[in-house]
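This report covers model confidence, helix packing and the nonpolar cores of one protein. The sequence and structure come first.

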Amino acid sequence: MVGVDSERAQWIALRRAGLGSESFRSLIAYFGSIGEAWEAPAGAAREAGLRAQYVRGFERARREFAPEQEIEALEAHGVRTLTWEDEAYPSLLEEIPQSPPVLFVRGSAGPQFEQSLAVVGTRRVTAYGREVCEQFCGAVARAGVAIVSGLARGIDSIAHRVAVDEGTPTVAVLAGGIDGIYPRENAGLAERVMAHGCVISEYPPGVKTRSDYFPRRNRIISGLARATLVIEAGMTSGALHTAHHALEQNREVLAAPGSVFSQQSAGTNRLIRESAAKLVGSAEELCEELNLLSLGTQLALGRAQPAGGEAVAQESAAPAVATSPEEGRVLRWLEEGPLHVDEVARRAEMPIHEVTGALLTLELRGLVRQQEPLTYLRTSGAGR
């Protein structure tokens, strides 16, 4: 068939047959290339050192698969493939043990970026975790850093949304076939991710998401990034698996500390306590750890002046404060966490109409936001 990269098709066929990085490396070491291995006599894969189940998979691929048709089907669904032989294969990922021999990619860019940060955490995110994720991811996204995560509920979804809202590339790594979005509720988010970056998988179309694929997926999340940031991870969280992969890959692990009373932060705090992760207590500290404090980043954080010494007029450069006693009382009661308007009125001993009026003004000024209907959270822009 004219124009088809036959050897690429052979890589895809062998990957679909279940061969992984160890088998691919053995075939390349013995034969010199996948193309030469594909053309070798029957039984030659055994001589290359493949285990029996992979020898059977190799022979089945050569006997049953139609690689050219596979390429056509992938192209029809907008799926690109990257192998170890491609210059566009992420160089950071190629460095790790068990790097995927084939990546399946959907989207407008990537997955290779000069600056990238993996962001992982709990699916059951708290108001605190949401605020930290939005602040931290917003800062690095505005600095041009691509955000890598796993498209799961909670921290993953927030990280991806912040990136696309900032117009910054983001990469979502799947734990199943490239044609299957999990959870399904994130299908719309996946479309936005693909418009600003890409969705990738080591699995071809048709492979169902499985629980045992998630730990393997996590090594790719950390492998694509120069550092991994953990926000709210419980003691059994998959985010800890990603952090451990990052440590094994000699990548930096950073963690946002959480409340000692919060189970969602128990794993994160343990990483810090055991010196497995470096504590980052603010978006500024995160940018410093990633060496991102360029002039543009400092301006975004309110720390620098442009050339010529003219001050930058930014409301965010100085803490915003209440402008009336009512606003001050409302803000004070929101310091410890989100509250329903009825609870604010009860604690502040204020009429409900005064509370709702103050909250409306504060929300317009960006000092509070609704976490859910009639429940408000104080934002970082509100001075203490």
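Over which residues does pLDDT stay under 50? The stretch is residues 294-320, for which the model has 32 contacts beyond four places in sequence. Here pLDDT is the predictor's confidence in each residue, from 0 to 100, and contact means heavy atoms within 4.5 Å.

## Model and confidence

This is a predicted model, in which local features need pLDDT of at least 70 and side-chain atom pairs count only at pLDDT 80 or more, while totals for chains, interfaces and linings use all residues. Residues are numbered from 1 along each chain as its sequence is written, and side-chain values use heavy atoms, with hydrogens and water left out.

The average pLDDT of the protein is 85, and 90% of the residues score at least 70. Confidence is lowest in helix α15 (residues 295-301), with a mean of 43, and highest in strand β5 (residues 170-173), at 97. Helices (H or I, at least four residues) and strands (E, at least two) are DSSP runs, numbered from the N terminus.

## Nonpolar cores

A nonpolar core is a set of buried Ala, Val, Leu, Ile, Met, Phe, Trp, Tyr and Cys residues joined through side-chain atoms within 4.5 Å. Buried means under 20% relative accessible area (1.4 Å probe, protein chains only). The largest core has 67 residues, of which L14, L19, L27, I200 and V230 touch the most other members. Helix α1 (residues 6-16) gives the most to this core, with 5 residues.

Not counting residues up to four places away in sequence, L19 touches L14, F24, L27, L50, Y54, G57 and F58. A second, separate core has 27 residues, including I155, A159, A256 and L286.

## Helix α1

Helix α1 is mostly covered, with 8 of its 11 residues buried. Its buried residues pack against α2 (21-31), α3 (34-38), α5 (52-64), α6 (67-76), β1 (80-83) and β2 (102-107). After α1 comes G18, with a positive phi near 100°.

R8 lies in α1 and counts as buried because its relative accessible area is 19%. Leaving aside neighbours within four places in sequence, R8 is in contact with I71, T81, L82, T83 and D86.

## Packing of α8 and α9

Helix α8 (residues 127-142) packs against helix α9 (residues 155-165) at an angle of about 35°, with the axes 9 Å apart. Axes are lines fitted to C-alpha atoms over the stretch in contact, and angles run from 0 to 180 degrees between N-to-C directions. On the α8 side the contact is made by G129, R130, C133, E134, C137 and G138, and on the α9 side by I155, I158, A159 and V162.

Notes: Buried < 20%, exposed > 50% of the residue type's maximum accessible area, 1.4 Å probe, protein only.
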